[in-house]
Amino acid sequence: MSSAPGPYDSGRERDRDEEGRARNQRPRDGLGRPLPYGADGVPRQPEGVVRAPEESVAEAQALLDAGQPFHAHEVFEDAWKSGPESERGLWQGLAQLAVGLTHSARGNTKGGARLLLRGAGAIDDWSARAGQERPYGIGVAELVSWAEALAGVLERDGVPVDAAAHAPRLRMGQREG
C-alpha cells in the first residue's frame with residue numbers, strides 16, 4: 001500500500017480547530033473561494049458569534065456592500081443557530097439569498113438564481129406566518145422583489161454579476177449602491 005499523497009491530498013495534516021474538528025484554514029477570497037495556503041485572503045468571519053439581530057443585519061449589510069456575500073451568509077447562519085427557533089426561517093432565508101448572490105458572482109448563474117428564489121420564498125413565507133413585514137427593519141417585500149428581479153436577469157443573461165454592485169438593501173432607508 002502506497003503512502004504517496006493522492007490527487008486531493010496536499011501532503012498536509014487536516015486543518016483542525018481548537019476542539020479538534022476538521023476546519024479548512026486555507027485563505028479565502030471575497031466570494032469564499034479557497035486560495036492556496038500562504039496567499040493573502042479576505043479575513044474569515046468568526047463562527048458561532050452571538051449578535052443582537054440588529055447587529056447581524058448591519059454586519060451582513062456591510063459585507064454585502066463590500067462584495068462579500070459568502071461572509072454575509074456566515075453572519076446569517078450564526079443568527080439562525082443562536083436565535084430563537086421562531087426566527088429560524090427568516091435567518092435561513094437571508095442566508096440562502098447571500099449564498100445565491102455568491103453563486104451568481106462566482107459564475108454559477110443557474111444555481112444562484114435557484115437559491116435566490118428559494119431564499120425569497122423562505123423569507124416571504126416566514127413573514128406571512130409571523131405577521132411581520134419589516135423584522136428588524138428588513139423590507140421583506142422589497143428583498144423578495146430584488147431576489148426575483150436578479151434571478152430573472154441571471155436566467156435570461158447567464159453571466160456572472162458583480163456582488164457589490166448587485167447587493168440588496170436589507171433595511172429601508174439605507175444608502176443605495
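Predicted model: local features only at pLDDT ≥ 70, side-chain atom pairs only at ≥ 80, totals over all residues.
The crossing of helices H3 and H5 is left-handed. Helix H3 covers residues 88-106 and helix H5 covers residues 140-157; their axes come within 12 Å and cross at roughly 25°. Angles under 35 degrees count as roughly parallel, and H3 and H5 are therefore roughly parallel to each other.

Which residues make the contact? On the H3 side they are Leu 94, Leu 97, Leu 101 and Ser 104, and on the H5 side Leu 143, Trp 146, Ala 147, Leu 150 and Leu 154.

Let me now turn to charged side chains. Side chains of opposite charge can pair when their charged atoms come close. How many salt bridges are counted in this model? The count comes to eight, and I shall present several of them.

I begin with Arg 169 and Asp 65, whose side chains meet in a salt bridge at 2.1 Å, N to O. This pair links distant parts of the chain, since Arg 169 lies in the segment after H5, while Asp 65 belongs to helix H1, residues 53-65; the two are 104 residues apart. Is Arg 169 buried or exposed? With a relative accessible area of 13%, Arg 169 falls under the 20% limit and is therefore buried. Asp 65, at 23% relative accessibility, counts as partly exposed.

The second pair is Arg 88 with Glu 85, where the salt bridge is 3.8 Å, N to O. Arg 88 has 31% relative accessibility and so counts as partly exposed. Glu 85, at 59%, counts as exposed, because the cut-off for that class is over 50%.

What is the relative accessibility of each partner? For Asp 157 the value is 39%, which counts as partly exposed; for Arg 156 the value is 62%, which counts as exposed.

Finally, I draw your attention to a network of salt bridges, in which Arg 51, Glu 59 and Asp 78 are linked.

Among the salt bridges, the one between Arg 169 and Asp 65 connects the segment after H5 with helix H1.

Notes
Residues numbered from 1 in each chain as written. Heavy atoms only, no water. Axes fitted to C-alpha atoms, helices over the stretch in contact; angles between N-to-C directions. Helix = DSSP H or I, 4+ residues; strand = E, 2+ residues; numbered from the N terminus. Parallel < 35°, antiparallel > 145°, perpendicular 65-115°, else oblique. Left-handed = near helix turned anticlockwise from the far one by under 90°. Contact = heavy atoms within 4.5 Å. Salt bridge = Lys/Arg side-chain N within 4 Å of Asp/Glu carboxyl O. Buried < 20%, exposed > 50% of the residue type's maximum accessible area, 1.4 Å probe, protein only.
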